[in-house]
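Subject: A structure for you to look at

Hi,

I'm passing a structure over to you, together with some notes on what turned up in it. Could you open it alongside this message and follow along?

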Amino acid sequence: MAAKIKKGDRVQVLAGRDKGKRGDVIRVVPEENRAFVQGVNMVKRHTKPQGMGKPGGIVEKEGPIDLSNLALIDPSSDKPARVGFKVLEDGRKVRVAKPSGEVIDR
């Protein structure tokens, strides 16, 4: 199945403790149906020192969030939108924001 959310997309969180927050997708894990969004679902990890230069301590980083809890931001209206697909005249399959019909892929 084609990916509706990709790395670099601007998304909004629909559910959970970070509901309403927006951020850019850092990484997508399609096998687990999850994504990492910048500044969302921050978790603390206790790390050991990693050799030269990397001290140990408590590190705060993004945790994975389920794709069903994310909505892509429509570029024209700046609101969360569902995503559909459309095949252009040149044969490319592109993502389209459902409410406005605007092409999302660059």
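**A salt bridge to start from**

R22 has a relative accessible area of 32%, so this residue counts as partly exposed. Before going further, please keep in mind that this is a predicted model. R22 forms a salt bridge with D78, and their closest N and O atoms are 3.3 Å apart. This pair ties together distant parts of the chain: R22 sits in strand β2 and D78 in the loop between β7 and β8, 56 residues apart. D78 is partly exposed too, with a relative accessible area of 48%.

The count of salt bridges comes to 5. Another one of them joins the side chains of D18 and K21, at 3.3 Å from N to O. Here D18 is buried, at 10% relative accessibility, whereas K21 is partly exposed at 39%. D90 and R92 also meet through their side chains in a salt bridge, with 3.3 Å from N to O. D90 is exposed because its relative accessible area is 56%, over the 50% cut-off; R92, at 41%, is partly exposed.

**How the strands are arranged**

In what order do the strands of the open sheet lie? The order is β6-β3-β2-β1-β7-β8, which makes an open sheet of 6 strands with antiparallel pairing. At the edges are β6 (64-66) and β8 (80-81), each of which pairs on one side only.

V11 shows both sides: its bridge partner in β2 is G23, and its bridge partner in β7 is L72. R10 has D24 as its bridge partner in β2.

There is also a hairpin made by β9 and β10. Strand β9 (residues 83-87) runs antiparallel to β10, and 5 bridges join them; in one of these, K86 is partnered by V94 of β10. Between the two strands are 5 residues, and in this hairpin G91 takes a positive phi near 95°. Why is β10 described as largely enclosed by the rest of the structure? Of the 5 residues in this strand (residues 93-97), 4 are buried, and so it is largely enclosed.

In soluble globular proteins, nonpolar side chains tend to be buried together. In this model, the largest nonpolar core has 15 residues, and I5, V11, V37, I65 and L70 touch the most other members. At least two residues of this core come from each of β1, β3 (34-37) and β7. Take V37 as an example: apart from its neighbours within four places in sequence, its contacts are V11, G23, D24, V25, I26, E62, I65 and L70.

**A buried aspartate**

D9 lies in the segment before β1 (10-13). Is this residue buried or exposed? D9 is buried, since its relative accessible area is 4%, under the 20% cut-off.

**A few loop residues**

Most residues other than glycine have a negative phi. N33, in the loop between β2 and β3, has a positive phi near 60° and is partly exposed, with a relative accessible area of 39%. N41 is in the loop between β3 and β4 (42-47); its phi is positive as well, near 55°, but this residue is buried at 19%.

S68 is in the loop between β6 and β7 and counts as exposed, because its relative accessibility is 54%. Its side chain makes a polar contact of 2.8 Å with the side chain of D66. S68 and K98 are 30 residues apart along the chain, and their C-alpha atoms are separated by 16 Å.

**From the record**

UniProt lists residues 4-31 as "domain: KOW", in an unreviewed entry. In the model this span is 43% strand and 0% helix, and its end C-alpha atoms lie 14 Å apart.

Happy browsing!

Best wishes

Notes: Residues are numbered from 1 along each chain as its sequence is written. This is a predicted model: local features need pLDDT of at least 70, side-chain atom pairs count only at pLDDT 80 or more; totals for chains, interfaces and linings use all residues. Side-chain values use heavy atoms; hydrogens and water are left out. Buried means under 20% relative accessible area, exposed over 50%, partly exposed in between (1.4 Å probe, protein chains only). Two strands pair if DSSP finds at least two bridges between them. UniProt positions are given in the numbering used here, feature names are shortened, and annotations may be inferred rather than shown by experiment. A nonpolar core is a set of buried Ala, Val, Leu, Ile, Met, Phe, Trp, Tyr and Cys residues joined through side-chain atoms within 4.5 Å. Contact means heavy atoms within 4.5 Å. A polar contact is a pair of N or O atoms within 3.5 Å; within protein, one must be able to donate a hydrogen and the other to accept it, and residues adjacent in sequence count only if both atoms are side-chain atoms. A salt bridge is a side-chain nitrogen of Lys or Arg within 4 Å of a carboxyl oxygen of Asp or Glu.
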